[in-house]
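Hi everyone, thanks for making time.

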Amino acid sequence: MFPTPIQKASTPARLAYQIALPIALVIWLFPLIGVAVTSLRPASDLAAGNYFGVPSSIAFENYAAVFRDSPIGWYILNSFKVTIPTVIGAVGLSCLTGFALAVYGFRANLWVFFAFVAGNFIPFQILMVPVRDLTLKAGLYDSTLGLVLFHVAFQTGFCTLFMRNFIKGMPFALIESARVEGVSEWQIFRHIVLPLMRPAIAALSVLVFTFVWNDYFWATVLVQGQHAMPVTAGLYALNGQWVAAWHLVSAGSIVAALPPVLMFFLMQRHFIAGLTLGATKG
């Protein structure tokens, strides 16, 4: 059922693995390496058609120009204004809904769970027009609040699925013992279940932060003005009026990618622990 660990594989298989892995890694990293090199390439190279060759010089001033010639700092702040409340809202709601779906055996439990699961399979493109119309009628269009609310709504389904499976695998005897002692359901959730969910909360926080920070689709559909535009949609401001400034766009892309990368490395231990525990829950 499961593949043979590489340590137990035959000698030809291990040799093929050792050769194929670095090649696959380079192919996977090639676009990122290309963006990083372009971000350090002077504009004169691009004007001369030197898109893929060795840069004539290292232009670190591209990164200074990104902040000097565009409002990217404001866009990054907008991304934090959208991402942080979304993480708090989606993970917080999923803790409650996951607890209810995992612990309480009411008749409609399974159908509610299926609704959360089914929502994850609906392509966002199908929802573009009705969601945009809804934001316009609710007065939330082109606002940070509207973007946060819809991100919370879209992310809560996946988070609930993850949390429900995580809580389902906890020892139910802990909850039953607390109930026998007369502990309320809210206290059971707060003092017994929630502390055990910390690895899952950390893993979900990293995932949701990355998903929302890197979102481009809803950032362009629900926001137009610079006052609420996240950094993914605001990178267009780095282009010139007549010529695409790819060296500045590349530098801005690297800057925009740093926050989720830093968060992953800071939360790496909790993230891996949460995914590992979550993968073993029924």
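Let's start with a crossing: α7 passes α10 in a right-handed crossing. Please keep in mind as we go that this is a predicted model.

So what do the axes of these two helices do? Helix α7 covers residues 144–168 and helix α10 covers residues 198–213; their axes come within 11 Å and cross at roughly 155°. With the angle over 145 degrees, α7 and α10 are therefore roughly antiparallel to each other.

Which residues meet there? On the α7 side you have His151, Gln155, Phe158, Cys159, Phe162, Met163 and Phe166, and they meet Ala200, Ile201, Leu204, Leu207, Val208, Phe211 and Val212 in α10. By class, the residues of this α7 and α10 contact are twelve nonpolar and two polar, with no charged ones.

Now over to the other pair I picked. Helix α1, residues 11–39, and helix α13, residues 246–266, have axes that come within 7 Å and cross at roughly 120°. That angle makes α1 oblique to α13, and the crossing of these two is left-handed. From α1, the contact uses Leu32, Val35, Ala36, Thr38 and Ser39, while α13 brings Trp246, His247, Ser250, Ala251, Ser253 and Ile254. Here the residues of the contact split into six nonpolar and five polar, again with no charged ones.

Next, a word on annotation. An unreviewed UniProt entry lists "transmembrane region" for residues 15–37, 82–103, 110–128, 148–167, 188–213 and 244–266. How do two of those stretches look in the model? Over residues 15–37 the chain is 100% helix and 0% strand, with the end C-alpha atoms 32 Å apart. Residues 148–167 are also 100% helix and 0% strand, and there the end C-alpha atoms lie 26 Å apart.

The mean pLDDT of the protein is 85, and 91% of its residues reach 70 or more.

Notes
Residues are numbered from 1 along each chain as its sequence is written. This is a predicted model: local features need pLDDT of at least 70, side-chain atom pairs count only at pLDDT 80 or more; totals for chains, interfaces and linings use all residues. Side-chain values use heavy atoms; hydrogens and water are left out. Axes are lines fitted to C-alpha atoms, for helices over the stretch in contact, and angles run from 0 to 180 degrees between N-to-C directions. Helices (H or I, at least four residues) and strands (E, at least two) are DSSP runs, numbered from the N terminus. Angles under 35 degrees count as roughly parallel, over 145 as roughly antiparallel, 65 to 115 as roughly perpendicular and the rest as oblique. A crossing is left-handed if the near helix is turned anticlockwise from the far one by less than a right angle, and right-handed if clockwise. Contact means heavy atoms within 4.5 Å. Ala, Val, Leu, Ile, Met, Phe, Trp, Tyr, Cys and Pro count as nonpolar, Asp, Glu, Lys and Arg as charged, and the others, Gly among them, as polar. pLDDT is the predictor's confidence in each residue, from 0 to 100. UniProt positions are given in the numbering used here, feature names are shortened, and annotations may be inferred rather than shown by experiment.
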